[in-house]
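Colleague: I have the model open and would like to know what stands behind the labels. Could you take me through them?

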Amino acid sequence: MKRSITSALGAAGLLALFGHMALAQATSTDPTAAANAYVNAPHNWQMWFPEAGSPLQVQIDWLMKFVLWIMTGVVVFVGILLAYVLTRYRASRNPVPSNVTHNTLVEVIWIVIPTLLLAVIVIPSINLIYSEADDSNPYLTVTVTGHQWYWEYNYSGVQGGLDYTSYMIPDNQIQPGQIRRLSVDHPMVLPAGEKIKFIINSADVLHGFYLPSLGVQRYAIPGTNLTQWTLIPKVGTYYGQCNQICGINHDAMPIEIKAIPLADYLNWVKYAQANYALNSFAPSLISSPLPVNKLADASSN
Amino acid sequence: MTATTHESHDSHETHHQKGFIERWLMSTNHKDIGTLYITMAVIGACVGGVLSVIMRQQLMYPHNNIITSGAAWNAIITAHGLLMIFWFVMPALIGGFGNWMVPMMIGAPDMAFPRLNNMSFWFLAMGFIFIMLGLLIGTGTGAGWTIYPPLDNAQYSPGIATDFSLFSLHLAGISSLLGAINFIATILNMRAPGMTMHKMPLFCWAILVTAFLLLLAIPVLAGAVTMLIMDRNFGTSFFEPAGGGDPVLFQHLFWFFGHPEVYIMILPAFGIISHVVSTFSKKPIFGYLGMAYAMVIIGFVGFIVWAHHMFISAISTDSKVYFEVATLVIAVPTGIKIFSWIATMWGGSIEFKTPMLWAIGFIFLFVVGGATGVVLANAGLDQELHNDYFLIAHFHYVLSMGASFGVFAGFYYWIGKMTGHPYPEFWGKVHFWTFFIGVNLTFFPMHFLGLAGMPRRYPDYADAFAGWNLVASVGSIISGLSTLVFFYVLYAVFTSKEKLADNYWGEGATTLEWAVPSPAPHHTFEDVPVIR
């Protein structure tokens, strides 16, 4: 344990040298500092998905390219066909219209070929659905609860419990290295390279737990626990946002995830328990319309 | 489709002149009611359109300060969606062109139930007042057009504005339901002798299928909205988890209505495009039966795919597989329509009049929107794309470009029949090209924003999304200016002294409305036309 603290310190010190000290509260004791080395955030004029941060996102990225290339082919084909017809059969070039209104062969072709294209798409697509659903055997389960307008993260499995809230940094308090509208006060911290299961619910209205670089998205629904898994191989910082309208500050409850080496993560748990965790019974949950036993169910998972 | 009539036009002069109140407020005439609906659509489109330009102005730059209140923002996005659907696209295509053209196309003197027709319009007009109250009272209705609970329940949306918006859906729903009953009765019973179902113009087929969709979908919406109103006001808990209810139930009910609703908006446009393409290619429609039954199949399958709107909500894995496959199936009949339109043009003698430009624009942009629709139908990809700007781009390609291009194609195609005056061809084309550039510039960059992960319904966003948002906002200004051109066209039509012939499009226009004078007289077909 001691060695990993030293290594975290060493990493933090190195990063500080490179000017990567991002968080306001990041001190030399912050065990999440390793995550500042790689930041997976959207960039201006971006035209494609974020760099895939999870195996699921790799699959999504692949299928998206596969389907989009097929559909681009269809659009280009129709566009060329349309352009040809409009040029070849314009009134000045073809003054006398034909009277053909039937051609069984082409009518069969334009039913059969689209059906085949769809069949080609469906097979990998169904595989992806089952991949997304496979949340078995996680290393860690984090219960995510949406609130108006912040996220609450509950690490029910860790020794001593851990439950804390995560608010967006307001625009006027943004520090250098933070990203306006994406950085939060207390990010979710996860061990890199381990399978994580999210149990997602809400304490009030619907929210959306949306992490585009990890291929994660689920509604947060009061009274219902939805699950989604991820695995983040690369140490770094990943961002997401609430993606289901939840009231007047819908755009002000982003998600920030720091994936750090397992040893650092274990240190962070103690750090968080000491520094910013709520006690095991979060006051916000007791006062919420969501029955507390919902979370008890989740933690027994 | 060929048709002849042997009515005489002399008898039209016997129609007595009515006063303004009697003619417009108590109207039982399908053409006057159609005109009222089109007027409603113009008003609805203006309000909804101004709201959209305001939204794009706010989104032009990150950290912008045109709308600083989240409540105002949410009220605007909610009203924009509801207005464009219920007070622009539906009254224009169904109430407007449907009322005007369906009785003439099938050789009927009027709709089956003229007074019901009148009621149906005024319910919609009252609904418009309610939706405006829902926008303007207090902090407005801020739940988005999908009105998902719990956000719109009494706890999170207190105040009467949300009730006004919910009741406005009831009024618009009753209006559509009565209209649907009227269209079904008219089309099934009042076709002229000789006009069998399989000779009926495709626009009538489109309206018939649409009417059945309304008849089956609207009561489900009405039930869901009633339950919401009761949850808000009478202490029930249909959608309240604390009382044993379930917000997910509302999502199922809403989309059981909501998915057929998207076909309700696009099928009449399909009908219009068929007529325009056939007219300006001077050829009968290719594969008429395939075209008609493709719409029937789209309508049917449209009812069994609703949960593809809920792929990231509470839905089981196997259900996702089913709803994905069922959704993809719709691409096949839609493909039949697209290819049949192109085949109609094949071998034709195509004239690029304004309505034809809108129709060609429709076909191409609908294919683009359909392609992204196939992408979104993949449940696995929807996990990434759900509710982000890729989705916004997709449904604006099929609605803002699909349905509204259909509306404009119909407008330029029939405005001469409705007013007796031609539209200025030059300005019609200016309108088309500016609108085409404007909407593409607005919505194409949204694909990129969505891929980058920008969520919808955000008044402020991370600075990384600034570039494409700026492009989209410039596009919306161009579309807005283009609409001014449209108003000039309207002005020019109504101030024109030029008179049009019965069939001003010539040989390509073969349906019955071209057999009556322009403008179409107050009463058509006092003698029953016979179709050969």
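Modeller: Gladly. In this predicted model, chain B and chain A together bury about 7700 Å², with 68% of that on carbon and sulfur atoms. On the side of chain B, the residues that lose the most area to chain A are F339(B), Q383(B) and E384(B), which together make up 9% of what that side buries.

Colleague: How do you know how many residues of chain B are in contact with chain A?

Modeller: Contact is called when heavy atoms lie within 4.5 Å. By that rule, 96 residues of chain B are in contact with 87 residues of chain A.

Colleague: Why is the pair R180(A) and D463(B) called a salt bridge?

Modeller: The cut-off is 4 Å between a side-chain nitrogen of Lys or Arg and a carboxyl oxygen of Asp or Glu. In R180(A) and D463(B) the closest N and O atoms are 3.0 Å apart, so the pair meets the rule. The count of salt bridges between chain B and chain A is 3. There are also 37 residue pairs in polar contact across that interface, both residues at pLDDT 80 or more. As for helices, α10(B) supplies the largest share of the side of chain B that touches chain A, with 9 residues.

Colleague: Within chain A, what makes domain 1 and domain 2 separate entries?

Modeller: The bounds come from an automatic or database domain assignment, which divides chain A into domain 1 (55–90 + 106–133) and domain 2 (140–296). Their C-alpha centres lie 37 Å apart. The contact takes 6 residues from domain 1 of chain A and 8 residues from domain 2 of chain A.

Colleague: And what do domain 1 and domain 2 of chain A bury between them?

Modeller: About 570 Å², 58% of it on carbon and sulfur atoms. P55(A), L56(A) and Q57(A) lose the most area on the domain 1 side, together 70% of what that side buries. Between these two domains of chain A the rule finds 0 salt bridges, while 4 residue pairs are in polar contact, both at pLDDT 80 or more.

Colleague: What is F198(A) in contact with, leaving aside neighbours within four places in sequence?

Modeller: Its partners include V142(A), M188(A), F209(A) and I257(A).

Key. Residues are numbered from 1 along each chain as its sequence is written. Chains are lettered from A and ligands numbered from 1 in the order in which they are written. Side-chain values use heavy atoms; hydrogens and water are left out. Buried area is the accessible area (1.4 Å probe) that two parts lose on being put together, summed over both. A polar contact is a pair of N or O atoms within 3.5 Å; within protein, one must be able to donate a hydrogen and the other to accept it, and residues adjacent in sequence count only if both atoms are side-chain atoms. Helices (H or I, at least four residues) and strands (E, at least two) are DSSP runs, numbered from the N terminus.
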